[in-house]
Amino acid sequence: MNNQNELNKNLAQMLKGGVIMDVTNAKEAEIAQEAGAVAVMALERVPSDIRKQGGVARMSDPKMIKEIQRAVTIPVMAKARIGHIAEAQILQSLGIDYIDESEVLTPADDAFHINKFDFKVPFVCGARNIGEALRRIGEGAAMIRTKGEAGTGNVVEAVRHMRSMMASIRQLTNLPKEELMTFAKENDAPYELVVQVAETGKLPVVNFAAGGIATPADAALMMQLGSEGIFVGSGIFKSSNPVLMAKAIVKGTAFYNDPAVLAEVSEGLGDAMRGIELSEIPDGERMAQRGW
Amino acid sequence: MKRPVIGILALQGSVQEHRQALESVGSVEVLEVKTPSALALADGLILPGGESTTIAKLLCGFGLSDPLRERILKGMPVWGTCAGMILLAKEIVGEPAHLNVMDVTVRRNAYGRQIDSFSCVQSISAFSREPIPLVFIRAPWIEWAGEGVEVLCRVGGKIVAARQENMLATSFHPELTDNLCVHRYFAEMTQRAAMGTSLIQS
């Protein structure tokens, strides 16, 4: 089991510096692969539609997931509801490459997450801060992403989450050992993982950015803040020219520290997704608050 | 003596892992390569693990493909791990080749999906007398190798490491382990080639 967990962390390392794109059918998956995505996330509705349409958002139809698996050679990820052990088992049996236990879907359990060590397939989980990230890793997550606020096209929450995590990591590397237990207590984080971060200066798994990334510049910003790769949900297929936007975000992620390239790829992309100002979203509708 | 410069193609993938391994080996300068001007400074180049379709598209999109191919054909040492092996191959089962330089046919995702990823321990005499850990992540294998290609290792009957003159390819990821022997081997390959070039120039 530990060896499998190691291999699953390793797969996330292979995705570093890359872009993972939400797709809702085989055709979009092909566009994503052609644009240079390192993986696709198969789901029935992108987050901005889930937000608009409301109702309970669940795991996607296996038929649609299989069509996407047949359409591309890059890894295929899919979302299970928080705590929904059976959905995760179904996705594993489909041979999915990564499961996102995601706050974008309606939580199935309002107290507990899936014990991810029970599975052979790797999991990615969202986190707003170091405590949440280390709790998910403690449950077996092989990859972490910021939650941001999905489906808004507004990067501010992802920035807040990434800055918070990086600040805590920097803080931890400077704390004397006797202060680590209190840090663990105050941040609701498993002590052993706190010690590990303090010693190594980084999370034990890869850390990506997600939630509200809509342009190549957004992707570059997240990379400069310390993200190791990018998830784009609604940002591509809700823009006016998905093919161009997809390619531009891939290039913007690879050349995140080269403003001349960023200027070049940002030119003439058409309209990015419309976007929502965070203050317009009532507290109860914020996806990032789901997760325990 | 000037230390040889080993570049790591840094468009996507396990770049930092290779960097750390090379820094632990010492005796070489490490350079991340994203542009033709950076490539020109490298004495040898590592093509890291990652997603081969992504890296190939970025290579083409930024005019790096042709100069890289030319350097390899002129003898620059190059080592492809996993995705890098796929980039080097002259043939890829079911899809067009990328750099099209190494006389091998490669099968992508040959072992299956992520749940089929695995690791094992095996001796590879070219690299080390001791058995070394081999980590396979959605790995390719070499289905067929041309006459000029030296097979360095097989696992389960399939070729997972090979060398053709200045080109080294491994299905597995030494950069994900603490064992440095393949990085040492490649550093020596680069050092020898750099010394050869400077002799010719002088």
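**Close-up views of a predicted two-chain model**

**Figure 1. Polar contacts between chain B and chain A.** Between chain B and chain A, 19 residue pairs are in polar contact, counting pairs with both residues at pLDDT 80 or more. The model is predicted. On the side of chain B that touches chain A, the elements giving two or more residues are α1 (15-25), α3 (52-61), β7 (118-123) and β8 (131-136) of chain B. The largest share, four residues, comes from α3(B). Sorted by class, this side of chain B has nine nonpolar, 13 polar and nine charged residues.

Figure 2. The contact takes 31 residues from chain B and 35 residues from chain A. Together the two chains bury about 2,700 Å² between them, and 57% of this lies on carbon and sulfur atoms. Which three residues supply more than any other three of the area that chain B buries against chain A? They are R113(B), Q114(B) and I115(B), which supply 24% of that area.

**Figure 3. Salt bridges across the interface.** Four salt bridges are found across the interface of chain B and chain A. In one salt bridge, the side chains of E17(B) and K16(A) meet at 2.7 Å, N to O. K57(B) forms a salt bridge with E34(A), and here the closest N and O atoms are 3.6 Å apart. This pair crosses between chains, with K57(B) in helix α3 of chain B and E34(A) in helix α2 (residues 26-35) of chain A. K57(B) has a relative accessible area of 29%, so this residue is classed as partly exposed.

**Figure 4. The salt bridge of E103(A) and R145(A).** Over all chains, a search of the whole structure finds 27 salt bridges. E103(A) and R145(A) form a salt bridge in which the closest N and O atoms are 3.0 Å apart. E103(A) lies in the loop between β4 (98-102) and β5 (123-127) of chain A, while R145(A) lies in strand β6 (residues 143-146) of chain A, so the pair ties together parts that are 42 residues apart in sequence. Are the two partners buried or exposed? E103(A) counts as buried because its relative accessibility is 2%, under the cut-off of 20%. R145(A), at 3% relative accessibility, also counts as buried. Salt bridges that share partners join K79(A), D100(A), E103(A) and R145(A) into one network.

**Figure 5. The salt bridge of K147(A) and E132(A).** The closest N and O atoms of K147(A) and E132(A) are 2.6 Å apart, and the two residues form a salt bridge. K147(A) is in the loop between β6 and α7 (156-174) of chain A and E132(A) is in helix α6 (residues 130-138) of chain A, so the pair ties together parts that are 15 residues apart in sequence. K147(A) is buried, with a relative accessible area of 3%. E132(A) is buried too, and its relative accessible area is 1%.

**Figure 6. Surroundings of E139(A).** E139(A) is placed in the loop between α6 and β6 of chain A. Its side chain makes a polar contact with the side chain of R136(A), at 2.8 Å. Which residues does E139(A) contact, leaving aside its neighbours within four places in sequence? They are H113(A), I114(A), N115(A), K116(A) and F117(A).

**Figure 7. Aromatic rings in chain B.** Over all chains, the structure holds ten aromatic pairs. F127(B) and Y185(B) form an edge-to-face pair, with 4.9 Å from centre to centre and 80° between the planes. F127(B) lies in the loop between β7 and β8 of chain B and Y185(B) in helix α6 (residues 181-201) of chain B, so the pair ties together parts that are 58 residues apart in sequence. F127(B) and Y185(B) are both buried. One aromatic cluster is formed by Y111(B), F118(B), F136(B), W141(B) and F172(B).

**Figure 8. Surroundings of F255(A).** F255(A) lies in the loop between α12 (242-254) and α13 (259-266) of chain A. This residue counts as buried because its relative accessibility is 2%. F255(A) and A220(A) are 35 residues apart in sequence, and their C-alpha atoms are 7.6 Å apart in space. Leaving aside neighbours within four places in sequence, F255(A) is in contact with V261(A) and L262(A) in chain A, and with L11(B), K34(B) and F62(B) in chain B.

Conventions:
Residues are numbered from 1 along each chain as its sequence is written. Chains are lettered from A and ligands numbered from 1 in the order in which they are written. This is a predicted model: local features need pLDDT of at least 70, side-chain atom pairs count only at pLDDT 80 or more; totals for chains, interfaces and linings use all residues. Side-chain values use heavy atoms; hydrogens and water are left out. Contact means heavy atoms within 4.5 Å. Buried area is the accessible area (1.4 Å probe) that two parts lose on being put together, summed over both. A polar contact is a pair of N or O atoms within 3.5 Å; within protein, one must be able to donate a hydrogen and the other to accept it, and residues adjacent in sequence count only if both atoms are side-chain atoms. Ala, Val, Leu, Ile, Met, Phe, Trp, Tyr, Cys and Pro count as nonpolar, Asp, Glu, Lys and Arg as charged, and the others, Gly among them, as polar. Buried means under 20% relative accessible area, exposed over 50%, partly exposed in between (1.4 Å probe, protein chains only). Rings of Phe, Tyr and Trp (its six-membered ring) pair if their centres lie within 6.5 Å; planes under 30 degrees apart count as stacked, over 60 as edge-to-face and the rest as tilted.
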